[in-house]
Amino acid sequence: MAGTSPSFYKIPVTETLSSHIRNGTYPPCETRVTYCYTPVPPRRRHEGMKPLDNRLEILKCCEAFKVFVGEK
């Protein structure tokens with residue numbers, strides 16, 4: 001798990017966007033993507049999820065991100 005750290009993306013997928021992706025064309029308007037990188041201190045980012053304190057911060061982000069995407 002050294003060097004591994006997730007990034008979270010929220011992409012609003014509309015019927016129009018889905019159709020254009022399926023057909024390999026560009027949609028008429030831009031799609032805004034929201035992203036979140038885990039707040040691991042830069043000096044420890046290369047360690048990824050190996051240290052337990054890094055894992056705790058990353059798992060907190062996973063739990064917080066569920067609010068935005070909804071659980072199924």
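User: Tyr 35, buried or exposed?
Analyst: Exposed, with a relative accessible area of 51%. Keep in mind that this is a predicted model.

User: Which element is Tyr 35 in?
Analyst: Tyr 35 is found in strand β2, which covers residues 34-37.

User: And how many aromatic pairs are there?
Analyst: The count comes to one aromatic pair. Tyr 9 and Tyr 35 form it, with 6.5 Å centre to centre and 40° between the planes.

User: What do we call that geometry, and why?
Analyst: The pair is tilted. That label applies because planes under 30 degrees apart would count as stacked and planes over 60 as edge-to-face, with the rest counted as tilted.

User: How exposed is Tyr 9?
Analyst: Tyr 9 has a relative accessible area of 45%, so Tyr 9 is partly exposed. Tyr 35, at 51%, is exposed. The labels differ because exposed means over 50%.

User: Which residues make the nonpolar surface patch?
Analyst: Tyr 9, Ile 11, Val 13, Val 33, Tyr 35 and Tyr 37 make it, and the patch is about 650 Å². Both tyrosines of the aromatic pair, Tyr 9 and Tyr 35, are therefore among the patch residues.

User: What percentage of the residues count as buried?
Analyst: Of the 72 residues of the protein, 18%.

User: OK, overall layout. What order do the elements run in?
Analyst: From the N terminus on, the order is β-α-β-α. That comes to two helices and two strands.

User: Switching topic. How many salt bridges does the structure hold?
Analyst: It holds two. One is between the side chains of Glu 15 and Arg 22, at 3.9 Å, N to O. In the other, the side chains of Glu 30 and Arg 32 meet at 2.9 Å, N to O.

User: Are those residues buried or exposed?
Analyst: Glu 15 and Arg 22 are exposed. Glu 30 counts as exposed at 56% relative accessibility, and Arg 32 is exposed as well, with a relative accessible area of 63%.

User: Where is the place of Glu 30?
Analyst: Glu 30 is in the loop between α1 (15-23) and β2. The C-alpha atoms of Glu 30 and Leu 17 are separated by 9.4 Å, and those two residues are 13 apart along the chain.

User: What about the cysteines Cys 29 and Cys 61, buried or exposed?
Analyst: Cys 29 counts as exposed at 52% relative accessibility. Cys 61 is buried, with a relative accessible area of 14%. The cut-off matters for Cys 61: buried means under 20%.

User: Now Pro 6. Where is the place of that one?
Analyst: Pro 6 is in the segment before β1, and at 24% relative accessibility Pro 6 counts as partly exposed.

User: What does Pro 6 touch, leaving out residues up to four places away in sequence?
Analyst: Pro 6 touches Thr 38, Met 49 and Ile 58.

User: Last one: which helix has Lys 60?
Analyst: Lys 60 is found in helix α2, residues 52-69. Lys 60 is partly exposed, with a relative accessible area of 47%.

User: And how far apart in space are Lys 60 and Pro 39?
Analyst: C-alpha to C-alpha, 9.9 Å, while in sequence Lys 60 and Pro 39 are 21 residues apart.

How values were computed:
Residues are numbered from 1 along each chain as its sequence is written. This is a predicted model: local features need pLDDT of at least 70, side-chain atom pairs count only at pLDDT 80 or more; totals for chains, interfaces and linings use all residues. Side-chain values use heavy atoms; hydrogens and water are left out. Rings of Phe, Tyr and Trp (its six-membered ring) pair if their centres lie within 6.5 Å; planes under 30 degrees apart count as stacked, over 60 as edge-to-face and the rest as tilted. Helices (H or I, at least four residues) and strands (E, at least two) are DSSP runs, numbered from the N terminus. Buried means under 20% relative accessible area, exposed over 50%, partly exposed in between (1.4 Å probe, protein chains only). Patches are made of residues with over 30% relative accessible area and no salt bridge: like charges are joined within 9 Å, nonpolar side chains (Val, Leu, Ile, Met, Phe, Trp, Tyr) within 5 Å. Accessible areas come from the Shrake-Rupley method with a 1.4 Å probe; for residues, only the protein chains shown count as cover. A salt bridge is a side-chain nitrogen of Lys or Arg within 4 Å of a carboxyl oxygen of Asp or Glu. Contact means heavy atoms within 4.5 Å.
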